[in-house]
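User: I am new to this structure and would like to learn how to read its features one at a time. Could you take me through them, giving the general idea before each case?

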Amino acid sequence: DKYINLFIKQKTNTVRALAETEILRSSNKDEITKFLVTITNNDTDFVRFYIADINGNFYTAPYDIATDDFNNVSEENWFKEAINTGKIYISPPQRDVMSSRFIIDISYPIMDNDIGVLNGEVQLNSLTVMFLNMNIGREGHAFLTDNQGFIIAHADPSKPMSNVNIMDEPYVKEALAGNSGFGTYKVDNESAFIAYSMQADTTW
């Protein structure tokens, strides 16, 4: 849980800090794009950034994906939540249409709502890599579901790509109900000792 907390905190802190920079407040598209390209090169967890004005008109970095049919994000949850609350917004996990990997949106208003919203799309692949490198006993492993029971990070990298849902498992139900605990459960017809808890900030 502490690793997930650290991952989420690092990404939210990055988005908040970027939104508060003079470059983002300058509204200079060329300079902002160059700046955010540098960020995505240095932190590959960020797939892309959306920079939206107060009306929802936007462009993206490192390359612009806006089209004639997709040129306004005013109805997107990440835009509305950041504008309406003035706080960091973290979306539920969703599939990136380009990579099919799970991503989350992390958004924050630029200059107290006077300019617009910065949104960072963050891929969760780093969590799978982290779980893959964890040592839990001789054969143990870690995994993470969203609040709908879909596996979004797992020591087996194929699991998050396969739309695996384990909502009906009793330990998942317990965790998503906000309970923490441990016990012996059947997994793939074999007994396994499982410890579970919910990640408070995201309800994963």
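Analyst: Let us begin with strand pairing, where two strands pair if DSSP finds at least two bridges between them. In this predicted model, strand β6 (residues 116-123) runs antiparallel to β5, and 8 bridges join the two. Within that pairing, D105 has E121 in β6 as its bridge partner. Residues are numbered from 1 along each chain as its sequence is written, local features need pLDDT of at least 70, side-chain atom pairs count only at pLDDT 80 or more, and totals for chains, interfaces and linings use all residues. Side-chain values use heavy atoms, with hydrogens and water left out.

User: Which other strands pair with β5 in the antiparallel sense over 2 bridges?

Analyst: Strand β3 (residues 89-90) pairs with β5 in this way, over 2 bridges, and there Y89 stands opposite S107. Strand β4 (residues 94-95) also pairs with β5 in the antiparallel sense over 2 bridges, with Q94 opposite I103. The hairpin of β4 and β5 has 6 residues between the strands, and in this hairpin S100 takes a positive phi near 70°.

User: How many residues of strand β5 are buried?

Analyst: A residue is called buried under 20% relative accessible area, exposed over 50%, and partly exposed in between, using a 1.4 Å probe and protein chains only. In strand β5 (residues 102-110), 9 of the 9 residues are buried, so this strand is largely enclosed by the rest of the structure. For the protein chain, 40% of the 204 residues count as buried.

User: How many helices and strands are there in the protein chain?

Analyst: Helices (H or I, at least four residues) and strands (E, at least two) are DSSP runs, numbered from the N terminus. The protein chain has 6 helices and 10 strands, and its C-alpha trace spans about 60 × 30 × 30 Å along the principal axes.

User: Which residues have the most contacts inside the largest nonpolar core?

Analyst: A nonpolar core is a set of buried Ala, Val, Leu, Ile, Met, Phe, Trp, Tyr and Cys residues joined through side-chain atoms within 4.5 Å. The largest one here has 32 residues, and those with the most contacts inside it are L36, F49, I51, L118, L124, L144 and W204. Among the elements that give two or more residues to this core are α1 (2-19), α3 (29-42), β5 and β6, and α1 gives the most, with 6 residues. A second, separate core of 11 residues includes F58, V73, W78 and V117.

User: Where does T21 lie, and is T203 buried or partly exposed?

Analyst: T21 lies in the loop between α1 and α2 (22-26), and its relative accessible area of 21% makes it partly exposed. The C-alpha atoms of T21 and M111 are separated by 8.9 Å, although these residues are 90 apart along the chain. T203, in the segment after β10 (190-196), counts as partly exposed at 32% relative accessibility.

User: What should I look for in the backbone angles?

Analyst: Phi of T203 is near 60°, a positive value in a residue other than glycine, and N163, which is not a glycine either, has a positive phi of about 55°. N163 lies in the loop between β8 and α6 (170-176). As for omega, a cis peptide bond with omega of about 20° joins A61 and P62, and P62 lies in the loop between β2 and α4 (77-85).
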